Amino acid sequence: MKCPRCVQRIHRAAASCPHCGFTLADADARFGDEEVRIRCLTDSAGILRRGDREKVELAMERITRRFPQVFVAIYTGSLGEVANIRQFGFWLLNRSAFEDVPVEKPNEAGILITIDPESKAAGMVFGYLLDPFLEESDTFECLSRAHAYWLEGRYAEGILRALKHLDGILRKRSRQARRDPEHFERKVMPPVQMGDLVRRIRAGHRPVAEEEATAEVLS
Amino acid sequence: MRFFPVIATAVLMANAYALVEPTLPVWDLKQRAELEAAGWIPGAILLTDAPVPDEPQQPAAEPLQVEQPKPEEIAGDLKPSTDIAEKFLPAYFAERPKTFLIDPQGLLSPADYRDRLSFLNYHASDSSIDLFVYVMGGEQDIPSEVREEEMIERFFSAGRPAVVVYYYLGAPQRSVVYLSPSITDSVSAAEQHRALESSVMQAFEKIRHPEQLEKFLVQMSIRIYWMERMLAGDSASVAAAPSARVAAVRKAAAPSAKLLWLQELARKCAFPAALAGGGVLAVFAFGFWRRLSVRYRFPDFEVEPRLGGAHAAGVGAVISFASAAVPPASQRDQVPDYLRRA
């Protein structure tokens, strides 16, 4: 897991980035702290034609149908000079209210692709539901599939390619999770407290006789 | 060298003198008078235009009287007779043919004959109008004593309706079509003409004579199907091309007689094979449908929120597509804020 601002590794339950101190509040300060009402496919940059929109919506719906817990959102827009697309994606998925997503499906189940045609950058963020199952490398592979198309300005085709690859990854992860759920659960287990760890190590090294004596005293 | 001009001048003058022709001799009148008085001038006969005195007059030559050749003596045409030899006539025209392909002269090779006959048999099994084909040589003529219309009426009035074709091998354009009396009224002459014309055109697509006949028969068979529809009074469906039938006829014409057993086998196995094929297809379709309709679920684990985000902190990759010179592979290891613009 990486910090959206400094891109340094952070631990699972970090309340703020241990390297730069980044939190959602910093993103709120930049982009606003109010709820944003958008649709799953929001083309603020106007890079998708009508026919393209339909194709993209169809691909998004296909993923939603195949993975009932998950939904995909796509946002295109110019993020301004100082904007950082990684921070923006993180902020948008936390602050947006998707009008066309059922209320029983929270943003934790969302996968958001953000495209900035002005700065020519795209990013992908995902909610806590998929946190154990998706890696940064997975999202990188999805975006890589679209890279050649986006270079030529064929945004819709790029999105379709990315979604197709995402579909494949999600299917694979779902099958793996069904076979070995513990493997994924371990990835999100709360980190062990340092004090507990030291106590357990020390207990492990204590001689058996001393341990018994201690037990007697305690009793 | 001093005398060169003089010598040159002398030479030139000598040449000029040599070029002048000598004049002819001329009579001295006095000398001539003396010779005439003597009674003879040598060469006077030859050198005068006056007629030779006392020469006898010869009568004009009469034309030669040559006896004209008698009609029986005049040589006949060198080309052999084009009429079909008399010995073959009974086989052609004595009775209603027992096979659909009549070739008593053996103009077709046995293999070609077999193939064409098998096609005509197939046609007869599939159509209510038979097709009889008389094969004759490209240069041959039907003897004048044979009256085709009368023969058709005599042999083909009874039995199944038939189309009779006189086909001239190597000269399809000479072909003639007759219809048995029972269908003559129903099928217009224009339709007959069209059938013949299209068949001839099809025949000319090939060079070899047997192949021409094959194409001719296939097309004629197709046109007969149209006639059949006309007889049924289904003129509306005649307009629509009976492509299925066309395909079937063409397909049937293609295999040779050697493959007939294979056709038979295919006919017998068609239903089980179709059943098996349909089953396999259904299994595949079911598998495909199942694959499409399958739903994937993820276990819902408790994840502690990070960075103050209530819903998400799973920051994935960011990729730049500003330049083709920066491929995705070079962006895999992302540096902090590398996409931030100044």
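How many Å should the 17 residues of helix α2 of chain A span? At 1.5 Å a residue, the answer is 24 Å, and the end C-alpha atoms of this helix, which covers residues 50–66, do sit 24 Å apart, so expectation and model agree.

V56(A), A59(A) and M60(A) are buried. Looking down the axis of α2(A), the buried residues keep within an arc of 95°, so they line one face of the helix.

Chain A has 219 residues, and 40% of them count as buried. Among the contacts in chain A with a separation of 6 or more, 58% join residues 24 or more positions apart.

Chain B brings in a sheet. Four of its strands line up as β1-β2-β3-β4, giving an open sheet with mixed pairing. At the edges are β1 (101–102) and β4 (176–179) of chain B, each of which pairs on one side only. Strand β3(B), residues 162–169, and β4(B) are antiparallel partners, joined over four bridges. For V164(B), the bridge partner in β4(B) is Y178(B). A helix packs on this sheet as well: α8 of chain B (residues 209–231) touches β2 (130–137) and β3 of that chain, and its direction makes about 160° with that of β3(B).

How far can all this be trusted? For the model, the scores are ipTM 0.82 and pTM 0.49. Chain B has a mean pLDDT of 80, with 80% of its residues reaching 70 or more. Within chain B, confidence is highest in β1(B), at 92, and lowest in helix α9(B) (residues 235–239), where the mean is 45. Residues 235–241 of chain B have pLDDT below 50, and this stretch has six contacts in the model beyond near neighbours in sequence. Where pLDDT is low, the predicted coordinates should not be read in detail.

Technical notes: Residues are numbered from 1 along each chain as its sequence is written. Chains are lettered from A and ligands numbered from 1 in the order in which they are written. This is a predicted model: local features need pLDDT of at least 70, side-chain atom pairs count only at pLDDT 80 or more; totals for chains, interfaces and linings use all residues. Helices (H or I, at least four residues) and strands (E, at least two) are DSSP runs, numbered from the N terminus. The expected span of a helix is 1.5 Å times one less than its number of residues. A residue is buried if 20 or more other C-beta atoms lie within 10 Å of its own, exposed if 12 or fewer, and partly exposed in between; C-beta atoms are placed from the backbone. The arc is that of the directions from the helix axis to the C-beta atoms. Two strands pair if DSSP finds at least two bridges between them. Two residues are in contact if their C-beta atoms, placed from the backbone, lie within 7 Å. Axes are lines fitted to C-alpha atoms, for helices over the stretch in contact, and angles run from 0 to 180 degrees between N-to-C directions. pLDDT is the predictor's confidence in each residue, from 0 to 100.
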